[in-house]
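Subject: Structure for you to look at

Hello,

Here is the structure I promised you. Please open it first, then read my notes below.

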Amino acid sequence: MTQRATLVSAMNAMTNIGTDTQTIVAADAPKMKTESLSIYYSAFRAVADVTLPVRDRQITAIIGPSGCGKSTLLRALNRMNDLVAGSHIQGKVTLDGEDIYAPNMDVVDIRRRIGMVFQRPNPFPKTIYDNVAFGPRLYGRIPKTELDEIVESSLRRAALWDEVKDKLKQSGLALSGGQQQRLCIARAVAAEPEVILMDEPCSALDPVATLKIEELMQELKKDYAIVIVTHNMQQAARVSDYTAMMMMRSDRAGEMIELDQTQKIFTRPGDKRTEDYVSGRFG
Amino acid sequence: MDTSQPLRPSPGPNKDNPEAVRLNVIRRRILARSGQVLFFSSVIIAFIALVALLLTVSNRAFGYVAEENNVNPTTLAAVPLDQLSQEELVKILQDHISRNVFRRLDREQPFVQRSKEDVLALVTERVVQPEVVETWGLFDSLFNRERIEAAVREEHPDATLSFRSWVSWSFLTSPMSSQAEVAGIRTAVLGSLMMILLTMVIAVPIGVGAAIYLEEYATKSRINQIIQTNIYNLAGVPSIIYGILGLAIFVRGLERFTSGATFGVTDSNGRTILSASLTMALLVLPLVIINAQEALKAVPYSFREASYGLGATKWQTIWHHVIPTALPGILTGTILAMSRAIGETAPLIVVGASTFIVSDPNSPFSKFTALPILIYNWTARPFETFRHIAAAAIIVLLALLVIMNLTAILLRNRFRQSY
């Protein structure tokens, strides 16, 4: 092991890959992990045999061409796929080593612990305050002062507080697209998750709003494990620490063909198809 | 790829022949134009039908009336009656009606306590006794005024001619009567409103509940699909069949309940407001369910997703997001269903609404009548005056419908959101 570590760090020194190398080598248990995960919609296999570790306080990006099962994989991580009739999985998804699909696990609590931000900003048609307070309120009545604190700190974490502190009673739908998306992030944060899943969070936003969200992700990463699905390869390259490359197989099931540090994926991918994809030769 | 050859021969004219292309374009223009004319004329026909309806009704509801007094007011007093004092009016009343009737009226409400208008009305009704001898429609009144006046001078020299709106405050507030001149629709309006209110109380919770189950909980199983299809079918069942069902179940089968006997009401049979409301509730239930389902379907999936994503249970998602978002739609659909119920006649006839009733309905176990029943009854009578008050009642019913539908539209606009 040490020998290998030395070797790797030597290689890293040579190729000047980032400082995160230590984490990958230090073989600490990932926050979440899928093990040989296959996802089915009825008989159709949408994702095949994916083994993907998600490390705590790191951003893992999932990239790949349209229809390769990126979103399906992401939605399996907090059991959102359960809402689709006929969907089921094979394999395992663990959170802190616990199988989240085990019968004794409560799906409602799983989704609270693994928050999600969606492709299109989807604030509820309620006030900004009520949007953020929705998660905490699900557990019952909370004293007003405590709730105020949660709302403020969540909005601060989503870098939205200064923009909305004077209009907390206004509708969340009155905000701009980028603000709405940050409101959705604040809403997810308020539920005190451990992992945040983001399904193409910037695809409906302009470049300035996108930049803000990306900066925000760097902040959030200090406390959460983040998984992001993105179509935008530059975005994956900019924000993520690890990148998983997915492709559709000939039977239309998506598979993960490569997982590595982001820098490596974008500079020296191990798979020819990854290289073609990230260099824009197709997709 | 060889681009000189098109992939497949294009239909239509030869693109190299400008004349053929021009003709083709003209042909398509003509086709488009005639389509537009066709659709526009459909709208015009519908509009004409509506205007014709309104004109016919208003023609009957307003117009000249020739009235003859049995007793000429000038023989009663030297000045017009409305300039007399209350004591003088009571005196006239005392002199001209039998002592028994006078005493009975005094017992109902002592004359000293009555208002002057009330006493004047009594004098007019009991002593002067105006009688409508002839009536004319609105258009006759507007365009043939001279002819009407001449006819009155010739045929009814004693009659006074006046323009009368058969819809009037006293028409709205008077109880039914066998005399068209004094008949009002208060009992029917109250009956209709009470019935609608009760129908709403019964049909809305059940209908919305069923819609929520079918839309949010029900899986796509065969049984649920059969249920769904049958709800659509039930919405098309003729209303008289619901009437017969109501007669069998509510009026006859559950008579102890619908007559109020279970609750200590003794003087009633099953033909009550409650029976009518239950029948109407059955009738509008499919409509309420379908409308509520449509409203629930319109709630964006992203709201549910966001809610589930935060760890909300199904019930929390439905209660906090789905129902509030769908509420305006549900309300609108409900009001439209109720405006259907308020105009229904056939089931009420079968269930047994009274055609003549003077007392106001005062509980769900009252006998009652409703506006459509009244209209049906009055139009069937041979006297001209009843046609006029039937038209007036139609105007009131239409006004009620318009108010309800306007409320629905306003609600929808008020709550309409862009997601």
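In this predicted model, the C-alpha centres of domain 1 and domain 2 of chain B lie 42 Å apart. Domain 1 covers 63-173 of chain B, and domain 2 covers 186-415.

The two domains do touch. Seven residues of domain 1 of chain B are in contact with 10 residues of domain 2 of chain B. On the domain 1 side, strand 2 and helix 8 (169-173) of chain B each give two or more residues. Helix 8 of chain B has the largest share, with three residues. By class, this side of domain 1 has five nonpolar residues, two polar and no charged.

Next, the sheet. Three strands of chain B form an open sheet, in the order 2-1-3, with antiparallel pairing. Strand 2 (130-135) and strand 3 (160-165) of chain B are the edges, and each pairs on one side only. Neighbouring strands of this sheet are turned by 45 degrees against each other on average, direction ignored. Six bridges join strand 1 (residues 62-69) of chain B to strand 3 of chain B. Find B:Ala66 there: opposite stands B:Leu161, in strand 3 of chain B.

Last, the contact between chains. Chain B puts in 15 residues and chain A puts in 20 residues. On the chain B side, helix 14 (301-309) and helix 15 (314-343) each supply at least two residues. Helix 14 of chain B gives the most, with six residues. The chain B side that touches chain A holds five nonpolar, nine polar and one charged residues.

Best wishes

How values were computed: Residues are numbered from 1 along each chain as its sequence is written. Chains are lettered from A and ligands numbered from 1 in the order in which they are written. This is a predicted model: local features need pLDDT of at least 70, side-chain atom pairs count only at pLDDT 80 or more; totals for chains, interfaces and linings use all residues. Two strands pair if DSSP finds at least two bridges between them. Helices (H or I, at least four residues) and strands (E, at least two) are DSSP runs, numbered from the N terminus. Axes are lines fitted to C-alpha atoms, for helices over the stretch in contact, and angles run from 0 to 180 degrees between N-to-C directions. Ala, Val, Leu, Ile, Met, Phe, Trp, Tyr, Cys and Pro count as nonpolar, Asp, Glu, Lys and Arg as charged, and the others, Gly among them, as polar. Domain bounds come from an automatic or database domain assignment.
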